[in-house]
Amino acid sequence: MAKQIFVNLPVLDLIKSKEFFKKIGFKFNKKYTDNNAACLDIGKNIFVMLLSNEFFKNFTKKSISNAKNSTEVLVAISFDSKKKIDSLMSKALKAGATKSRDAQDLGYMYSQSFEDLDGHIWELFWMNEKKMAIELKKMRKNQK
């Protein structure tokens, strides 16, 4: 099975994108960062590559979507607590992000989401898997 995951996102201004993600607390993996790309270190073996549009074009024959007008992917990241999500969300908004939707609190799952400078949507979520399993069981029972 796979050892790592690299999500590649095109960005209009790599320098501004790097500044944005630094402000909200992300670190960069220098091994994969240069003038064309910046590697966000999300977690153990999980990375998001911010690629300048020109560099991104080397990997596809398709046109690059404008994430401010359409969505192809949601980058969803789990956190240990609601407090960490709220803190990161606050930092993102102060750094120039826009709120993608209102916070959702289902009791067993909590989430917030923002759009980065290029319009890519970042979903921040926490879930209590035990409570979630109970709720899913109830929902399935009610569907019968």
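**Ground rules.** I am working with a predicted model, in which local features need pLDDT of at least 70, side-chain atom pairs count only at pLDDT 80 or more, and totals for chains, interfaces and linings use all residues. My numbering starts from 1 along each chain as its sequence is written, and side-chain values use heavy atoms, with hydrogens and water left out.

**Overall fold.** I found four helices and eight strands in the protein, taking helices (H or I, at least four residues) and strands (E, at least two) as DSSP runs numbered from the N terminus. Read from the N terminus, the order is β-α-β-β-β-α-β-α-β-β-β-α. The C-alpha trace spans about 50 × 35 × 30 Å along its principal axes. Of the 144 residues, 33% are buried; the cut-offs are under 20% relative accessible area for buried, over 50% for exposed and in between for partly exposed, with a 1.4 Å probe and protein chains only.

**Largest pocket.** Next I went looking for pockets. On a 1 Å grid over the protein atoms alone, a pocket is an open set of points where a 1.4 Å probe fits, with protein on both sides within 12 Å along at least five of seven lines, and lining residues have an atom within 4 Å of a point. Volume here is the space filled by probe spheres set on the points, which are joined across faces, edges and corners. The largest pocket comes to about 350 Å³. I noted 17 lining residues, with Pro 10, Phe 56, Ser 65, Glu 72 and Val 73 nearest the centre. Strand β1 (residues 5–11) gives the largest share of this lining, three residues. By class I have seven nonpolar, eight polar and two charged residues, where Ala, Val, Leu, Ile, Met, Phe, Trp, Tyr, Cys and Pro are nonpolar, Asp, Glu, Lys and Arg charged, and the others, Gly among them, polar.

**Second largest pocket.** This one has a volume of about 200 Å³. Its lining has 11 nonpolar residues, one polar and no charged; Ile 5, Phe 47 and Ile 77 are among them. β1, β3 (37–43), β4 (46–52) and β5 (74–78) each supply at least two lining residues, and β5 gives the most, with four.

**Aromatic rings.** How many aromatic pairs are there? I get 10, pairing rings of Phe, Tyr and Trp (its six-membered ring) with centres within 6.5 Å; planes under 30 degrees apart are stacked, over 60 edge-to-face and the rest tilted. Phe 6 and Tyr 32 are edge-to-face, 5.4 Å centre to centre with 85° between the planes. That pair links distant parts of the chain, 26 residues apart: Phe 6 is in strand β1, and Tyr 32 is in the loop between β2 (27–28) and β3. Phe 6 is partly exposed at 31% relative accessible area, and Tyr 32 is partly exposed at 30%. Phe 55 and Phe 59 also pair edge-to-face, at 5.3 Å and 85°. Phe 55 is partly exposed at 24%, whereas Phe 59 is exposed at 58%. I also marked a cluster in which ring pairs link Phe 20, Phe 21, Phe 26, Phe 114 and Trp 122.

**Helix α4.** My last stop was α4 (residues 129–143), whose 15 residues reach 21 Å from first C-alpha to last, close to the 21 Å expected; that expected span is 1.5 Å times one less than the number of residues. Asn 128 caps its N-terminal end, with a side-chain oxygen 3.1 Å from the backbone nitrogen of Lys 130.

Methods
Polar contact = N/O pair within 3.5 Å; in protein donor to acceptor, adjacent residues only side chain to side chain.
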